Amino acid sequence: MKYLIAFCFVLLVNQVSFGQKPQAGDYITSNYINKYEGTWMWTSGSDTVIFKLKKLKYTYTSPAFDADVLLGCHTYIQTGVLVESSMNKYDSIVNYNKHKLRTVTGWNDPAEDTSKVSGILWDITKNKRVGLTLQYIAGSPPQLQLEMKALADVILDPTPLGATLPTNMVFIKQ
């Protein structure tokens, strides 16, 4: 399963580079994702979701290349009770290059739409990946429209369908 996940992730990043296969030593940069960096919050009644995102250089293997991606963590509080959180890992991801600790991953395909980021959220409670799309909405303050959906390999994934977090949210930059 890990190899399937890694394959899907590398396949998506390959498409980010305008359909060109990355060569060993390449560095695929993306300045379009800079605006997604920071802390974002969604609230509805006593429910809160917080995303903390940072653009980082991520190293892929086979071939060995680097690409700019968004990596981060999330917290979900439902009716005042902490349901899941990975925020305690954020500093390790950003400062110590421990990218495997992330629960949010995002990338951008500038050939399609520079206001959108595709990605994956690791649902801690259900121990599964969920696809996500973030759309940047300029304004004061900026907002992110988040939509989550099942991934294409859901047939191969024996975990329950759905996500722990709400699947459609509008975040406000903090």
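In this predicted model, F171 touches W40, M41, W42, V49, F51, P142, Q143, L144 and L146, leaving out residues up to four places away in sequence. A second, separate core comprises 13 residues, among them Y58, Y60, A67 and Y90.

The largest nonpolar core has 23 residues, and F51, M148 and F171 touch the most other members. Two or more residues of this core come from each of strand 2 (38–44), strand 3 (47–60), strand 4 (65–78), strand 7 (116–123), strand 8 (128–137), strand 9 (143–149) and strand 10 (168–173). Strand 8 provides the largest share, four residues.

**Strand pairing**

| Strands | Direction | Bridges |
|---|---|---|
| Strand 6 (residues 104–107) and strand 7 | antiparallel | four |
| Strand 7 and strand 8 | antiparallel | eight |

S118 in strand 7 stands opposite W107, and the bridge partner of S118 in strand 8 is T133. Strands 7 and 8 form a hairpin with four residues between them. In the turn of this hairpin, N127 has a positive phi of about 55°.

L56 is placed in strand 3. Its relative accessibility is 13%, and L56 therefore counts as buried, since the limit for that class is under 20%. When neighbours within four places in sequence are set aside, L56 is in contact with A67, D68, V69, L71, I93, V94 and H99. Of these contacts, H99 lies 43 residues from L56 in sequence, yet the C-alpha atoms of L56 and H99 are 9.1 Å apart in space.

D68, which is in contact with L56, belongs to strand 4. D68 counts as buried because its relative accessibility is 7%. The side chain of D68 makes a polar contact with the side chain of Y27 at 2.5 Å. The D68 side chain also reaches the backbone nitrogen of S30, at 3.0 Å.

Definitions and conventions
Residues are numbered from 1 along each chain as its sequence is written. This is a predicted model: local features need pLDDT of at least 70, side-chain atom pairs count only at pLDDT 80 or more; totals for chains, interfaces and linings use all residues. Side-chain values use heavy atoms; hydrogens and water are left out. A nonpolar core is a set of buried Ala, Val, Leu, Ile, Met, Phe, Trp, Tyr and Cys residues joined through side-chain atoms within 4.5 Å. Buried means under 20% relative accessible area, exposed over 50%, partly exposed in between (1.4 Å probe, protein chains only). Contact means heavy atoms within 4.5 Å. A polar contact is a pair of N or O atoms within 3.5 Å; within protein, one must be able to donate a hydrogen and the other to accept it, and residues adjacent in sequence count only if both atoms are side-chain atoms. Two strands pair if DSSP finds at least two bridges between them.
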